[in-house]
Each structure stands twice: as C-alpha cells, then as structure tokens.
Amino acid sequence: MLTRTKYPHLTVYQEAPLNAGTPLELMRRSFFTPQDHFFIRTHGSFPRMARETYRLSVNGLVQQPLELSYADLLMCFAQHTITATLVCAGNRRAELAALRPIPGKVSWGADAISTARWRGVRLSDVLQAAGIGAGVRYVAFRGLDEAQAAGEKVHFGSSIRLEKALSPEVLLAFEMNDAPLTPEHGFPLRVLIPGYIGARSVKWLREITLQGEPSSNHFQACDYQIFAPDVTEETADWTRGKPLEEIALNSAICTPRAGEARRAGPTSVQGYAITGKEAPIERVELSIDGGATWTLANITAQADRWAWCFWEAILHLPVGTCQLTVRAWDAAGRTQPEHAQPLWNFKGYANNAWHRVHIHLT
Ligand SMILES: Nc1nc2c(c(=O)[nH]1)N[C@H]1C(S)=C(S)[C@@H](COP(=O)(O)O)O[C@H]1N2
Ligand SMILES: [Mo]
C-alpha cells in the first residue's frame, strides 16, 4: 500500500487519517529521532501548502492584527533552536485498552513519542508584535487541515494559557533536525509547545487568536480531557473534564521487546523517560520481581528539560519467563503510579503506570 511503502520504518496503525508509531527497537538508536522514524499523528486531511502563498493570521484581542508571510516570519523575528520531545496523549493507550476496551481510538504502544531539534521564532515575539490586548487569557491555534468530528468537518485546533504562550520555549517552528518540516509534521509552520501533550502543538498553522476563554475548537473543548474511570463517552460532561496540558512523568522499556527470546545472563535493558514538570528526571529504576526490589539504571543521555532522557541497565536474568518493570522519579520526589487500572479513562489518555514487558530467557 502507498503509505506502507512511503513509511517503511514506521508502524502504520491507520492510513486515513495517517497514524504511525516509531518502532521501539528504532526508538533508542538516536537521541534525535530521524524524520523517517518520527511518529505521525493526524486527525484529518494532509494539507499541502507552498511557502510562497502561505499566510499566518494573528487576530482577536490584539492591538494590530497581523497577516504574516513565511518570509515575514523569517525576516522580522529572531530565530531560536530548542530540543524537545513530542508525545501524544494517547501514548501507551494499548495497556489501558487491554483492561477495558477503548473503541475507535488508535491502540498506541509506547511508540507515540519522538524527539527533535526544532528551529523557529518565539510565539511571544509574534504576540508582542501584534500587541496583546486587555483581557487576553488564552492563545488559540487553528490548523489548515480538516478533520471529521461529531459528524462535521472541523479544522484541528487548540489553546494554551497566555503565561505558557509567553514562555521562551514555545516556538512557531519551521525546521526539525536542521531540515524544513516535512508535510507530515506541519510544513511550512507548526506550533511547538515543549512540556505539553502533542495535541496542543498545532501543525500547518493558519491562525493564532488571542482571547479571554479557552478555544471552543472541538479538539480543545470536547477532546483531550481527562475524566474519572467511571465516566463514559455517553455520560461525559465536557465542561467538567480536565484539559490535558503538562506531560505526566513517564518511562518505558524499548529493548528487549515484549515477547523477545534472549539468552539468560547479563542483558542490556534500554528505554526512555520523560516529564513535562518543572523538576527533571532524576532516577530510573528496574525491577524483575514485580516491584519488590529495584536496580538503578544509568541515564545515558539527557539534553535539557524539554526532552526525554535515555537510560540503560545491565540486568542478570535467569532462565525462564521474566517480567521487566521500569519506573522513573523526578527531582521533586514524584514517581509513576504502579497500576494502570485507576488511570483508565474512556479516551485512553495519559497512561503513565509502571511499564512492564515480558521476555523469555533460555
Ligand atoms: N493541524 C494539526 N495539528 C496537530 C494534529 C492534527 O491532527 N492536526 N495532531 C496533534 C497531535 S494529537 C499530536 S500528538 C501531534 C503529533 O505531531 P507529529 O505528527 O509531528 O508527530 O500533532 C498535533 N498537531
Ligand atoms: Mo496526540
């Protein structure tokens, strides 16, 4: 099939809209995920836009509405580079879906996460150029793509609070890993909100609106919120959910892969850990006895606070079936919850329970 040949390195869950994960055995090969290994999450169409005709509107409660061309953006604003991990709120949904079905949602493993060096201009510089009006509390984004939501065609969108929008890490990015954004990742321009779930980082950015309220866009107002385990699609009151923002402290084992057969003895176990919180990852631990005892992993690569870290541990594994378990701690003393059960939510978001992988040793 077309997309299969176009994305030979990815796990393609869905072709239209295109949703594809980074295979875990590739995840740990490079701290910066190469473009052809980077996970892709789309909700609808795949807009194609030429730089020459591209325009970004900045409007709403501003002193001076702006209509910026691609050249304006590059010429009028200072450029910055930041290393940041993008992670989908649905990362590790498959483990939640195994507890109770989550119909109609992509069953991501720990594979909806990737890292790049992003280059762009600061959102705050563009907002200052437009002049932030009185009463602004939120900044809303709208993409060029069209998705199907509640039986209607809607553009993908999101919003963040003004304080986050003014933070220096938030970029309007045009490059990833020193190359122009690919069409899949939002060419020619996307929002990049380090530390927040991927859904807030709107691709193919068309419009920025300054406003007093959060965005009424379907994907902000009626999606990407957390509800208690007893709430269902039918009973959900979207005015009462908790909109997802910061990435939860999380970690996952990438290799060995689940179900893999290995020789007993010293075994290298590798994975990633991530947090969107202020306090960085401080410690990663592994257990082969269900969490009774833990072995410290080495953090082998760590960039700045907006990116994942890589870890490795050499474990001495006996013959038989073994359950590997990982959990991370941050510098504020927080750790991950042991079980996924109390985290279950009908949309399958934000699973950060201990990650467990079964392997066989001979
Ligand atoms: N315009 C637009 N932006 C979007 C989306 C989308 O469908 N349309 N998906 C969002 C979601 S849910 C995620 S996780 C990230 C994924 O970014 P990537 O495809 O570059 O990995 O893009 C976000 N931005
Ligand atoms: Mo996402």
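In what order do the five strands of the open sheet lie? The order is S17-S24-S23-S19-S20, and the pairing within this open sheet is mixed. The model is a predicted one, in which local features need pLDDT of at least 70 and side-chain atom pairs count only at pLDDT 80 or more, while totals for chains, interfaces and linings use all residues. Residues are numbered from 1 along each chain as its sequence is written, chains are lettered from A and ligands numbered from 1 in the order in which they are written, and side-chain values use heavy atoms, with hydrogens and water left out.

**The open sheet**

- Strands here are DSSP runs (E, at least two residues) numbered from the N terminus, and two of them pair if DSSP finds at least two bridges between them.
- The edges of the five-stranded sheet are formed by S17 (261-262) and S20 (295-296), each of which pairs on one side only.
- Strand S17 runs parallel to S24 (residues 355-361), to which two bridges join it, and Arg262 stands opposite Leu361 in S24.

**Strand S8 and its partners**

- Strands of a sheet pair through backbone hydrogen bonds, either parallel or antiparallel.
- Strand S8 (residues 138-149) is antiparallel to S13 (residues 205-211), with six bridges between them, and Val139 of this pair faces Leu210 in S13.
- Strand S8 also pairs in the antiparallel sense with S9 (residues 152-161), this time over nine bridges, and here Ala147 stands opposite Val154 in S9.
- The hairpin of S8 and S9 has two residues between the strands, and Ala150 takes a positive phi near 50° in it.

- A polar backbone atom of Arg41 is 3.0 Å from an oxygen atom of ligand 1.
- Taken alone, ligand 1 exposes 540 Å² (by the Shrake-Rupley method with a 1.4 Å probe), and the protein buries 100% of that area.

Terms used
Helices (H or I, at least four residues) and strands (E, at least two) are DSSP runs, numbered from the N terminus. A polar contact is a pair of N or O atoms within 3.5 Å; within protein, one must be able to donate a hydrogen and the other to accept it, and residues adjacent in sequence count only if both atoms are side-chain atoms.
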